[in-house]
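Hi,

Here is the structure for you to look through. My notes follow below it.

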Amino acid sequence: MSSFRLEPSTTGAEISFTFDGKRLKGRAGDTLAAALLANGRQLVGRSFKYHRPRGVLTAGPAEPNALVTIGSGAFAEPNTRATMVELYDGLEARSQNCWPSVDFDIGSINGLLAPFLGAGFYYKTFMWPKAFWERVYEPLIRRAAGLGRANHLPDPRRYEKTWAHCDLLIVGAGPAGLAAALTAGRAGLKVILADERFERGGTMLNEREEPEDFDLGEVAAELLSLSNVRIMMRTTVVAHYDDGVFGAVERVQKHLAQPDPNRPLERLWRIVTRHTILATGAEERPIVFAGNDLPGVMMAGAARYYLNRRSIAPGKQTLIFTNGSSGYALAADMEARGLTVAAIVDPSPSTPWAGKAHVIDGVVASVSGGRRPTSASVRQTGSSETTDTFAVDSVAMSGGWSPIIHLACQHGLKPVWSDEFAAFMAPEQGGLTVAGSAAGLSSTSACMIDGAQKSARICADLGRAISPAFSGDTETSKAPRPLWHVANPTGKAFVDFQNDVTAQDLLLAEQEGYGHIELAKRYTTNGMATDQGKLSNVNAIGILAEARGLSPDTIGTTTYRPFYTPLSFGALSGTHVGPHFAAVRRSPLHEWARKNGAEFVESGLWYRSSWFPRKGETTWRQSVDREVATVRASAGICDVSTLGKIEVSGRDAAEFLNRVYCNPFAKLPVGKARYGLMLREDGMILDDGTTSRLTDDTYVMTTTTALAGPVMTHLEFCAQVHWPDLDVRLASVSDQWAQMAIAGPRSRDILSEIVDADISNEAFPYLSARDVSLFQGALKGRLFRISFSGELAFELAVPAGFAESVADAIMQIGARYDICAYGVEALNVLRIEAGHVTHAEINGTVTPADLGFAKMVSAVKPDFIGKAMLRREGLVSQNRPQLVGIKPVDPSHVFRSGAHILNKGAAATLENDQGYVTSSCYSPHLKTTIGLALVADGPNRHGEEVQIWNALKDEYCVGVLCSPAFLTPDGRLNA
Amino acid sequence: MPEFALIHRKALATARTGQFGATPAAVELIALPECGVLQAMAAHFAADSEATLHAAFKDTPVSIRRVSPYQWLVISEPNVQVDLDSIRNVSGTRITLLDQSHGYAPMQISGPKVENMLAKGTGVDLSINQWPVGQSHQTLVGHTSALVTRTEPTKFELIVMRSFAGSLWDELITMGLEFGVNARNG
């Protein structure tokens, strides 16, 4: 007989769900596991390695067996613990790791091979030939073993992250947690009480009756009435970080058939607390005996939950194997409901028992059956043979209790073994108190009193003295001697259910020199997988301790790390997915660019206009070629607002700039701009840009778009750490000023119509930089005579809110000169033609000399950032890759950035590598592809023929090295 | 010279407005008129610079908000004229004042659920006893750094760099979906 629901049932409205496509009925308030058990569905999954039939073992988060996939398609969620899933109407569950079905699984043939599949089997067997491991063995093994499969579809549901702050975080809403919350709540502390279950009560939910002085309903009602107490159910506290920060996952809507689209499915909480009480309870330990993994073998406490809370009987003939009182409590509950307990088997019987069932002083040697138990053999204490055999349909086991102390051990502190409690206990630490059964107590009232008293102590410490909500004696009974495993098993006795690790595997690991707990874990895979050994770790430690004749204290535990239970990537990423992965920055000229037809390109956080297609242009190249030609022939306007703008002021601004740039800045006159190179400490170029002196002690620095933030950070670091004695004040004005480049031979003609001052070459020569008045005094802006294209050019900065109006005006005036808007693609072509560098060249490997700027580096300044390291031998070697221009010998040939340079006739090997192309484009001016490259000793090789080789694209072209200034051979700007 | 109309364009001119998420909306999100923003900076070794700053603005109706050590934002209503020259006469060279009125965009969120909503973006404790009315924090709100000021028990003003304004606006709407957001221009 399988598990079944006792009638009359008083357990909620009927709910319909499916398991492997079969329609079943459950009750409101059931977990999926409960509903499956109520339907007699005990076989729910197949094990990882041997594909053994497995059933529901627990009623909580530690469940290793009943892992199912919920939902389908993009909504499918594999490896979900059926014991934690709340049933809802229409829920769709599927079994995993089986084919063709969970009832008939071909993979179970692995079980026949079991004698060969012990610990270390893979490592020993699949050694040869070596190349087969990655290509053949591992993929095959991975296919045969495993759990649920992830789908590759984007998850359409919403997730989010949020913060909460409190005085006291209480983890666990069982008797200890509730009593602690009530005490602290009455004291007026800001309390968060979190519990992963959907019902308050913890292990009280397993009980037939509540203790006399503890009315769960009343306690809950009072807690709910307190505005300073926040109760967070369905919330698993999964991580303990530094400084009292905890991570928790709330299953906001996972239990709902029709989730509200305005709310997330799950929510990740970061909870900041002054003090924490772990009232996390204790985990009941399985007993390691032959056949302990058959569906129908269940933890005694779980059987009590299903029976007392959900009216589900484990079977009609239940054998109870217990080491301590838990099994007796189950026996009493079962007999009270008229169910038959075949026998209670107890290796150290000391619990008083007045029920009908016969108590046997002994152990269960084995449980046999196919997909459910049919018989159990019992060995009495002192006997080496089976003494009794029982016909059974279900078995409940209890090996004792292990406090759940995970969150207390995530900071590198190790659990401490206690002989008194026969368990690993939480290490002591500031700011964290362990209460109730997590602290080794067993009775409900002891836990309650412990929680209340410890909470009252914390309240007093935080200045809110109060008497505990419950008081009395918390003395507890001594734990029975632990039973780690039944010796001489007559079949497979599982320690780790999820990973199919047996007691034999652990003993083998010990024999083969992998007895250290961390090694044994990796050798056998005990404690791995999604349950991380919640049920198996302590038994494994006990077995290894016994094998080595040591105390579990000496063996120690493996390392505890976040997270306590698995959590979804969705919860970790929250709302920051897809296009919301990062913030978006928009230029003040974004709308202007859009109305002028711009195509945009992502550039860091920015969206920059990349080209402006006109009617009849079908490819981007047509637009870009036209834009480049227009700029060279008349004029163009380009949004350069995304470049970083930093205002540097203060009495020592000049000295400061002189130290951060490698070239001189101290004597830059007011009203002038200068190109500057900023080095890193290691001598490589950090960034370049122009800096202009607007007044005696005010400068405005421009940085590249990509390094606006890093340069600001660098400057702040220099000001605050290197030279705290300098009076220098730094402000980003990138967002205050919109900036546009107006380039081309007609740029002055256009600008002189809106700039009030004289901007003739005499009045406003190359590298002038001044505040200007615009539109006859209507607006103030800043004008710079700088060029990135080789043409006569200006950059005009105006307050961002007026940018669109000013750009419109320039377009309107410029129409007479055939002005065009141009984007970053044309900008790039113009600068490559002019031989100007960007971060394609300033790639972190180049010094000023590498880019032909050797003469800029000051030889007289006492110091500047990067000066010392710039003298390193390797940085002054002649053979360094240095900037050159490159073009194909046959102008119709094409190459692209990233291609490598080889000497003529040299084989394509790493040793023969001469450098690489950093930038390339089609030059409408030269009617061929051109590029910039970093080539060994490049400046001395102009005119040399080379091979341009791109292995990734399988492209090859004969090129010639040349000056990087494609327009003016002497390299001077065409100003 | 042709005539040109100089039109001031708000950073949030094209931001989404209307009702989002749950109804009725429990949160109001407003793109405030762009106000006067002065960035004030003092040398880090300057003593009592904050007092100097307050003295300089003694007669001007502004709100002075701390951004970081030795840095403040001085906020004035859009119609308030700030006479920078006379203020500089008081603050002298000890304090640098930069007009950043175009560099920042102000917005406001209000309503009974405003703490729960902002908690999705910032790790700062939003409870009123930890964050009283009038206090400002420069903090991340989601992806974006903003200067957040509690102006009333259930009202916060956020001042954000102009280029990030649209992005923060969208993120605030997402944060508020479960409470319902009425987003509008103010």
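Which elements of chain A do the buried residues of α16(A) pack against? They pack against β31 (606-611), β32 (636-639), β38 (737-743), β42 (820-821) and α21 (824-834) of chain A. Helices (H or I, at least four residues) and strands (E, at least two) are DSSP runs, numbered from the N terminus.

First, the ground rules. This is a predicted model: local features need pLDDT of at least 70, side-chain atom pairs count only at pLDDT 80 or more, and totals for chains, interfaces and linings use all residues. Residues are numbered from 1 along each chain as its sequence is written, while chains are lettered from A and ligands numbered from 1 in the order in which they are written.

**Helix α16 of chain A**
(The expected span is 1.5 Å times one less than the number of residues.) Its buried residues include A:Val624, A:Val628 and A:Val631. Buried means 20 or more other C-beta atoms within 10 Å of the residue's own, with C-beta atoms placed from the backbone.

**Where the chains meet**
The contact takes 39 residues from chain B and 42 from chain A. Two residues are in contact if their C-beta atoms, placed from the backbone, lie within 7 Å. On the chain B side, α4(B) gives the most, with 3 residues.

**Domains of chain B**
Domain 1 is 18-33 + 103-185, and domain 2 is 36-99. These bounds come from an automatic or database domain assignment. The C-alpha centres of the two domains lie 25 Å apart.

Best wishes

Methods
Buried ≥ 20, exposed ≤ 12 C-beta atoms within 10 Å, placed from the backbone.
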